[in-house]
Amino acid sequence: MRYFAAALTDTGIARNINQDSLCLKIAETEEAGQIVMAVICDGMGGLAKGELASAEVIRAFSKWFHEELPTKTGYTMEQISRVLNHLAMEMNEKIMDYGKLIRDELGTTLTVLLIMRDEYLILHVGDTRVYEIRDTVTQLTEDQTYVAREIKSGIMTVEQAKTDRRRNALLQCIGASERVIPEILFGEVTPGTIYMLCSDGLRHEAGEDEIYRALQPDMLDDTESMEKGGRGLIELVKGRGEKDNISLITVKATA
């Protein structure tokens, strides 16, 4: 299969700094064909510290893609997941050590989508999401947040979570957790499928039905149409008063 993709980010209507960082890579290889890596990090911390944390993690994964992945194209996705898991833990330790040095707390979510040989691998820490869009929209990742845990336990309803003051409280993130345990998912890619990664600034105000209308697979046949659909979603949530940074990456598989 072949892939085309688009990455969009917006500071939003209230903030001066964009603490979201993105990475989108597509490479041609002899052994594994076309490989795609998409990463979104949503940084947290005062002043520019959240921006620093998210950018540092993006740099580490981008470097891995360019320098180390070419030596691992013969690996299985399970083997690669162990390598990426180790990299995530390394970055957690590095950012935490820096926070202790400056006597402040900073951190970032981390969500990685890697596609190789028509299989996908997702590594996920925090509440940045990955959706799979076919005939419907399916959330693949599980939010690692206080409210998501309460909903799963039956203590809180989805409607209550939307207005709860703790809705952004993370159970773990890179740089602010003594130990991180990433969620790791595997799956097969089928032609026509769209994968969307997004920061919480997008999905707070956009429902799955609206995501589907903007990113219907049969309507997106090139990068330009994909960017148009993504930009429409960003403007939608800004119009509803979303104050957070807003980011998304979309990837479509074609036969």
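A search of the whole structure, which is a predicted model, finds zero disulfides. Cys41 is in no disulfide: the nearest cysteine sulfur belongs to Cys23 and lies 9.0 Å away.

Strand 7 covers residues 129–133 and is mostly covered, with five of its five residues buried. In a regular strand the side chains alternate between the two faces of the sheet. Both faces of strand 7 are covered. On one side are Arg129, Tyr131 and Ile133, and on the other are Val130 and Glu132, all of them buried.

Strand 7 pairs with strand 10 (residues 194–198) in the antiparallel sense, over five bridges. Strand 7 also runs antiparallel to strand 8 (residues 137–139), to which three bridges join it. Strands 7 and 8 form a hairpin, with three residues between them.

Ile133 has a bridge partner in each of these neighbours. In strand 10 the partner of Ile133 is Ile194, and in strand 8 the partner of Ile133 is Val137. Ile133 is itself among the buried residues of strand 7.

## A nonpolar surface patch

On the surface, Leu52, Tyr98 and Leu101 form a nonpolar patch. Together these three residues have about 300 Å² of accessible area.

Leu101 is located in helix 2, which comprises residues 77–102. The relative accessibility of Leu101 is 68%, so Leu101 counts as exposed; the cut-off for that class is over 50%.

## Overall fold and dimensions

The protein has seven helices and 11 strands. Its radius of gyration is 17 Å, close to the 18 Å that the globule rule gives for 255 residues, so the protein is as compact as a globular protein of that length.

The C-alpha trace of the protein spans about 45 × 40 × 35 Å along its principal axes. Of the 255 residues in the protein, 53% are buried.

Conventions
Residues numbered from 1 in each chain as written. Predicted model: local features only at pLDDT ≥ 70, side-chain atom pairs only at ≥ 80, totals over all residues. Heavy atoms only, no water. Buried < 20%, exposed > 50% of the residue type's maximum accessible area, 1.4 Å probe, protein only. Helix = DSSP H or I, 4+ residues; strand = E, 2+ residues; numbered from the N terminus. Pairing = 2+ DSSP bridges. Disulfide = S-S within 2.5 Å. Patch = residues over 30% accessible without salt bridge, like charges linked within 9 Å, V, L, I, M, F, W, Y side chains within 5 Å. Areas by Shrake-Rupley, 256 points an atom, 1.4 Å probe, with all protein chains shown as cover. Salt bridge = Lys/Arg side-chain N within 4 Å of Asp/Glu carboxyl O. Rg over C-alpha atoms; globule rule 2.2 N^0.38 Å.
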